[in-house]
Amino acid sequence: MTAIVARFRGLPSVQVTLAVALLVLGFLVAAQVAGEKPRAQYTTQERAPLIQTVIDLQAQQEAFKAKILELRQKIGDLEAQDPGAAASLRQLYADLEDARLAAGLIAITGPGLAFRLQDGTPGAGVDSLVSAQDVRILVRELWLAGAEGISINGERVATTSAVIDIGGSVLVNSAYLAPPYEIRAVGPPDLYDRLRSSVAFADFVQGRIERNGMSLSVAELASVDLKAYAGTVNLRYAAPAASGQP
Amino acid sequence: MNSRHVGPAHGAHEGGHARRIPRADTLSSRLTVAAVAGILGILAVGQLRGQSGAPGLAALSATDLSQLIANLTTGNDQLRAEVTDLEGQQGQLQDARDRGETAVGSLTSDLARIRAWAGLAAVTGQGIAIVVRGPIGGDGVEDLLNELRNAGAEAISVDGTRIVTGVVVAGAPGALSVENDAIGDTFEIRAIGSPQILTGTLTRTGGVIAQLGATYPDAQLTVTPVEQQTLPATDRPLVPTHGKPEL
């Protein structure tokens, strides 16, 4: 032991530094390679500027969404602070609050479930990757079980929300979401019991998740927070129908 | 002084240059360390950026990235318009408040807009009608509805029922239902939006209608542009009863 220590002390400091640096380099290379699996890698030159554009657009999207939520909050505060509001106006404010709640424009909290849906083991093939269809099935089953509100990786599912595939990830409300997917739902306290009683849900878990090595875990929570929908509610083609129409 | 920095073999081979060789070797060692440190730095930065800024982007092909950019650009344009709209609304409310008045008109139109968007009020506009004839499963109809939303549909109805959050078309082929109402083998889906975009998205080669045709060969789907149509309001109560607004 003493001989080993003595020999180690005898090593030039440059060699020790080099050895440590190479060790760390090895770890980083391994981490980099492991981080890319199981999804395919592409190494073409044109990808770098495209990725940078995506990152810039995502940052822009986050800024817009934050601004929208901030403005909606300020508008709500202005309405709530109207001191001389007549009864009819107070009713209008209450109707607005209800409409925003119904539309998912207000963050809510309540009893519910938090699911985590993950890809299967690396190298198990494309069927082991969570697809938009998988996310949609889970969302659909939660609605059928009585969920009142749902979010996917923080994106509130609204009446116009689509969940589509993009590469091996998904887009929700035009937001790019990478796995694992956390799907949260607020609903009645027996939401999970209702969900488990669904034949379609059991088929999904056994026939799709388990068969392909994916992972689906769930937590029943007394309090689940759902963010507000931060997208647009502007109508370009549709207009409120004149009263009297169906 | 440098003998311990140099391996004996080097010293033996170079003979009389014993004092100069160690210097050269030290220099090369330092250069090697510097090069390794440089690579380490680049990899560490790459690792950190990969983990924080763009999860999963490294796995996307150039085609996927281009599609993502198109989606993000369109979405951001809509968000920008929403910001402008909300700023105008806030300004009107603030001005009215400063004058001691109330912007009833602005509030009423905002209420109408949100109710129409959420499905709480009937809406009218151009779009498409899809007639489905033959057995099709609830999954297939839901795929169709998802594609309509992706193509920008602002309101959708199935067999006269407005599709809002929580409403699902479910069931096996021949046993479809929506909101506990059975749907026959022939029914109509209506959507308000751009007729060209909606039709083009659904009917493109390899699109959702082609996929449904392969999955449900006995079902026929016909898409027709409509200049003006009215979709009903939902009967479903949408205000959460178990979920409460966050304070």
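**Two chains and their interface**

Visitor: What is the relative accessible area of B:Glu179?
Guide: In this predicted model, B:Glu179 counts as partly exposed. That class lies between the cut-offs of 20% and 50%. The relative accessible area of B:Glu179 is 29%.

Visitor: Where in chain B is B:Glu179 found, between which two strands?
Guide: B:Glu179 has a positive phi, near 50 degrees, and is a residue other than glycine. It sits in a loop of chain B, and the strands on either side are strand 5 (177-178) and strand 6 (181-182).

Visitor: What is the relative accessible area of B:Asp159?
Guide: B:Asp159 is not a glycine, yet its phi is positive, about 50 degrees. It belongs to the loop between strand 2 (155-158) and strand 3 (161-162) of chain B. B:Asp159 is called partly exposed because its relative accessible area is 40%.

Visitor: Which residue does a cis peptide bond join to A:Pro179?
Guide: The omega of this bond is about 0 degrees.

Visitor: What is the area buried between chain B and chain A?
Guide: The size of an interface is often given as the accessible area lost when the parts come together. Here 97 residues of chain B are in contact with 101 residues of chain A. Carbon and sulfur atoms give 68% of the buried area, which is about 9000 Å².

Visitor: Which residue of chain A meets B:Asp139 in a salt bridge?
Guide: The interface of chain B and chain A holds four salt bridges. In one of them, at 2.7 Å from N to O, the side chain of B:Asp139 meets that of A:Arg140.

Visitor: Which helix of chain B gives the largest share of the side that touches chain A?
Guide: Several elements of chain B each supply at least two residues to this side, among them helix 2 (20-52), helix 3 (62-98) and helix 4 (104-118). The largest share is 26 residues, and it comes from helix 3.

Visitor: Which residue in strand 9 of chain B stands opposite A:Ile108?
Guide: Strand 1 (residues 108-118) of chain A and strand 9 of chain B pair in the antiparallel sense over two bridges. Opposite A:Ile108 stands B:Pro245.

Methods: Residues are numbered from 1 along each chain as its sequence is written. Chains are lettered from A and ligands numbered from 1 in the order in which they are written. This is a predicted model: local features need pLDDT of at least 70, side-chain atom pairs count only at pLDDT 80 or more; totals for chains, interfaces and linings use all residues. Side-chain values use heavy atoms; hydrogens and water are left out. Helices (H or I, at least four residues) and strands (E, at least two) are DSSP runs, numbered from the N terminus. Buried means under 20% relative accessible area, exposed over 50%, partly exposed in between (1.4 Å probe, protein chains only). Contact means heavy atoms within 4.5 Å. Buried area is the accessible area (1.4 Å probe) that two parts lose on being put together, summed over both. Two strands pair if DSSP finds at least two bridges between them.
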